[in-house]
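Student: Hi! Could we go through this model together, one residue at a time?
Tutor: Happy to. Let's get it on screen.

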Amino acid sequence: MRSIWKGSIAFGLVNVPVKVYTATEDHDIRFHQVHAKDGGRIKYDRVCQVCGKSVQYSDIDKAYTSPDGEQVVLTDADFSKLPAAEKHEIPVLEFVPSDQIDPVLFDKSYYLEPDSATPKAYQLLAATLDRIDKTALVHFTLRQKTRLAALRVREGVLVLQTLLWPDEVRAVEFPSLDDAPAPRPQELKMAETLVESMSGDFDPSEYTDEYQIELQKLLDEAIASGTGKVEPAAETAPAEEADAEVVDLVAALQRSLESSGRREAAPEKKPAKKTAKKAAKKAAPRKAATSKSTASKTATRKGA
């Protein structure tokens, strides 16, 4: 990995020099556009709409257009005047309980490596965060953008996770949920049973990107064939589509439980309890009726 930024964490009066590395990588297979007729690569040309000439990237500035249509052009020198653009410091603002940070705010993750011959201050901060079970909120500037971030520990390494600003998260407004009926107790019970049957400990290594695997296999087969194209696949019968709407939710949950290997009968109504006296009274007439019927049949046989 190559560091993308250098700075220092300001932890009170303690200064922790660090190098910043991107913690994640994209494994998606990348494609480029080609002319469908002859396979020629498609290139993009930056053309000025005023003079009609191609413009080099070094001659391009950034512009802002207001809602009224007014345009303001900013150069690199203009951006350098902003106070945040010169800072290479990550000040700790406060420590907050980790469960108070909504996961929807998390953006990108970065690893922090100590940038000092004696990383004692780095290890102290990492050990402290690991012990207190809290997250440090920090403030820093990366690529000319001021960011709020969460500082935490992962496997003994400090991790910086940028956070979205509150106004960057859209409000939850869905009128279709306002008058939606609440789940019935029977449905909740079945759903909870299904959740329990599907529960386990999270292990990321158990999950794979099947789409990327099959896509790479498709590309490898095309390369091996020497044609540079994918062979057409044999036609298969279309699969039967499931109903767009499940009418009986409990029945659907029951089928889900059966497919998961756990059968759970739908709850049945329990019969009302009977006292011993009432049961005896109801049983007595039946016994008498049975005796009369037996006697009647015996008399008929004798008469015959």
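Tutor: Let's begin with Glu155, which sits in the loop between β8 and β9 (157-163). Keep in mind that this is a predicted model.

Student: Okay, so is Glu155 buried or exposed?

Tutor: Glu155 is exposed, at a relative accessible area of 74%. That call follows because exposed means over 50%.

Student: And what about the phi of Glu155?

Tutor: Phi of Glu155 is positive, about 55 degrees, although the residue is not a glycine. For background, most residues other than glycine have a negative phi.

Student: Let's switch to Arg147. Where does Arg147 lie?

Tutor: Arg147 belongs to strand β8, which covers residues 145-154.

Student: Which side chain of opposite charge is nearest to Arg147, and how far away?

Tutor: That would be Asp107, 4.8 Å away. Arg147 is buried yet has no salt bridge.

Student: What backbone oxygen does the Arg147 side chain reach, then?

Tutor: The one of Leu142, at 3.4 Å.

Student: And which residues does Arg147 touch?

Tutor: Leaving aside residues up to four places away in sequence, Arg147 touches Val138, His139, Phe140, Leu142, Thr162 and Trp165.

Student: New topic: the surface. Which residues make the nonpolar patch?

Tutor: Tyr64, Val72 and Leu74 make a nonpolar surface patch of about 270 Å². Leu74 is in strand β4, residues 71-74.

Student: Last one: where is Thr24?

Tutor: Thr24 is in the loop between β2 (14-22) and β3 (62-65). Thr24 is exposed, with a relative accessible area of 56%.

Student: How far apart are the C-alpha atoms of Thr24 and Lys108?

Tutor: They are separated by 8.2 Å, while the two residues are 84 residues apart along the chain.

Terms used:
Residues numbered from 1 in each chain as written. Predicted model: local features only at pLDDT ≥ 70, side-chain atom pairs only at ≥ 80, totals over all residues. Heavy atoms only, no water. Helix = DSSP H or I, 4+ residues; strand = E, 2+ residues; numbered from the N terminus. Buried < 20%, exposed > 50% of the residue type's maximum accessible area, 1.4 Å probe, protein only. Lys, Arg positive; Asp, Glu negative; His and termini not counted. Salt bridge = Lys/Arg side-chain N within 4 Å of Asp/Glu carboxyl O. Polar contact = N/O pair within 3.5 Å; in protein donor to acceptor, adjacent residues only side chain to side chain. Contact = heavy atoms within 4.5 Å. Patch = residues over 30% accessible without salt bridge, like charges linked within 9 Å, V, L, I, M, F, W, Y side chains within 5 Å. Areas by Shrake-Rupley, 256 points an atom, 1.4 Å probe, with all protein chains shown as cover.
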